[in-house]
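Me: I would like to learn how to read pockets and helix packing. Can we work through one model together?

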Amino acid sequence: MRISATNLDMLMNRLEVDFIKLSECLVSPGWRLCLAATDMPGIHYNIGGTGRAIVGDGPSIDLPPHTLLIIPPSTPFRIEVDGPAQEHRVVESRWFEFKPGTVRRFVAGEGDPQVMLICGYFRAVYGASIELFANLSAPIVEIFGAKDELDHKLKAALGELMAQEIGSGAMTAALMKQVLVTLLRRSLNSADLWVERFSMLGDPQIARAFSDMIARPGAPHTLSSLANTSGLSRSAFIARFTEAAGHPPIMVLRQLRMRHAATLLEADKLSVEQAANAVGYSSRSSFCRAFRKIYGRDPSDWREGDGSAHALPTNTSSEMSR
């Protein structure tokens with residue numbers, strides 16, 4: 001049994017994506033560029049030339065043009081190109097801050113590079129902290145073509161980050177999401193359907209309930225109603241959902257509700273009371289307590305502009321089930 005196209009479409013629509021870092025990586029023949037591990041998944045796209053990549057301690061991966069790699073969090077990554085000598089000269093690179101308006105670039109070698117990649121790290125989340133790629137254990141490798149135009153999207157995202165103009169964050173996130181959706185569409189045409197390697201998408205019954213929570217965060221969901229949606233017993237639903245998401249279902253529901261409330265408050269069209277009602281709270285005080293647990297500040301302050309749509313939760317304690 002596989003996740004339905006309807007549920008997958010809903011989950012992709014509501015996925016929020018942010019670039020954290022993005023750079024050009026250039027490697028010449030006889031050189032190796034090593035990128036240190038970070039706690040986020042990495043994306044690497046070869047825009048030209050041929051080389052190879054090694055993810056962690058895994059086998060080498062050929063890098064023809066238009067190869068896209070997603071690497072798991074906390075995994076080092078290196079790019080190398082053979083030269084006349086048997087040994088590669090090595091450049092160790094770590095991420096650092098770039099000045100606005102400058103080209104973000106890591107270079108290994110001299111002269112014209114043999115392989116050119118756009119490399120970066122990103123977050124893809126639901127709610128405040130449900131990371132889609134958090135449990136990815138092996139790299140994803142897909143080869144695209146020029147007609148897919150992933151290089152144009154990633155170059156445009158790099159340009160947005162360099163420019164640091166108003167709205168750059170939103171433009172970059174939108175471009176990155178296009179890249180990920182293109183990647184996930186490719187999975188649906190594969191017999192392997194590697195999209196199911198993601199914990200939240202690999203269990204169709206849990207994905208069914210999760211997509212309902214995302215589509216209707218303000219609905220009167222309970223553990224019993226969500227279990228019925230999934231077609232599981234209450235105890236089986238709680239256990240399988242917690243295993244897939246890393247958090248109990250009611251905690252995840254609260255995060256989704258508060259994320260939706262934050263979006264409503266940022267739009268400055270609803271009062272705090274109206275936002276509370278829209279996400280299923282009849283009590284302003286209960287809503288404010290829940291909001292502060294997630295975002296660390298009062299919703300009225302958030303509405304006045306003292307907030308961030310992508311703030312991490314400050315408290316992950318679970319709510320009592322209803």
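This is a predicted model: local features need pLDDT of at least 70, side-chain atom pairs count only at pLDDT 80 or more; totals for chains, interfaces and linings use all residues.

Me: How much space lies in the second largest pocket?

Reply: About 170 Å³. Ten residues line this pocket, and the closest to its centre are Leu 8, Asp 9, Met 12, Val 181 and Arg 185. The elements that give two or more residues to this lining are H1 and helix H3 (168-188).

Me: What is the volume of the largest pocket?

Reply: The largest pocket has about 230 Å³. Its lining has 13 residues, with Arg 14, Glu 16, Ile 214, Arg 259 and His 260 the closest to the centre. Two or more lining residues come from each of helix H1 (5-14) and helix H8 (249-266).

Me: Which element gives the largest share of the lining of the largest pocket?

Reply: H8 does, with four residues. By class, the lining of the largest pocket has five nonpolar, four polar and four charged residues.

Me: Now the helices. How are two packed helices described?

Reply: By the angle between their axes and the distance between the axes. Take helix H5 (residues 204-215) and helix H6 (residues 223-230). Their axes come within 7 Å and cross at roughly 130°.

Me: How are H5 and H6 oriented to each other?

Reply: Check the angle against the cut-offs. Over 145 degrees counts as roughly antiparallel, and 65 to 115 as roughly perpendicular. The crossing is at roughly 130°, so H5 and H6 are oblique to each other. The crossing of H5 and H6 is right-handed.

Me: Which residues make the contact between H5 and H6?

Reply: H5 brings Gln 205, Arg 208, Ala 209, Asp 212 and Met 213. H6 brings Leu 226, Thr 229 and Ser 230. The classes in this contact are three nonpolar, three polar and two charged.

Me: What is the angle at which H1 and H5 pack?

Reply: About 45°, with the axes 9 Å apart. Roughly parallel needs an angle under 35 degrees. H1 and H5 are therefore oblique to each other.

Me: Is the crossing of H1 and H5 left-handed or right-handed?

Reply: Left-handed. On the H1 side, the contact uses Asn 7, Met 10, Leu 11 and Arg 14. They meet Ala 207, Arg 208, Phe 210, Ser 211, Ile 214 and Ala 215 in H5. Six residues of this contact are nonpolar, two are polar and two are charged. Link this back to the pockets: Arg 14 and Ile 214 are also among the residues closest to the centre of the largest pocket.

Me: One more pair. At what angle do the axes of H8 and H10 cross?

Reply: At roughly 95°, and the axes of H8 and helix H10 (residues 284-295) come within 10 Å. This pair is therefore roughly perpendicular.

Me: Which residues of H8 and H10 make the contact?

Reply: From H8: Arg 254, Gln 255, Met 258, Arg 259, Ala 261, Ala 262 and Leu 265. From H10: Phe 287, Ala 290, Phe 291, Lys 293, Ile 294 and Tyr 295. By class, the H8 and H10 contact has nine nonpolar, one polar and three charged residues.

How values were computed:
Residues are numbered from 1 along each chain as its sequence is written. Side-chain values use heavy atoms; hydrogens and water are left out. On a 1 Å grid over the protein atoms alone, a cavity is a set of points where a 1.4 Å probe fits but cannot get out, and a pocket is an open set with protein on both sides within 12 Å along at least five of seven lines; lining residues have an atom within 4 Å of a point. Grid points are joined across faces, edges and corners, and a volume is the space filled by probe spheres set on the points. Ala, Val, Leu, Ile, Met, Phe, Trp, Tyr, Cys and Pro count as nonpolar, Asp, Glu, Lys and Arg as charged, and the others, Gly among them, as polar. Axes are lines fitted to C-alpha atoms, for helices over the stretch in contact, and angles run from 0 to 180 degrees between N-to-C directions. A crossing is left-handed if the near helix is turned anticlockwise from the far one by less than a right angle, and right-handed if clockwise. Contact means heavy atoms within 4.5 Å.
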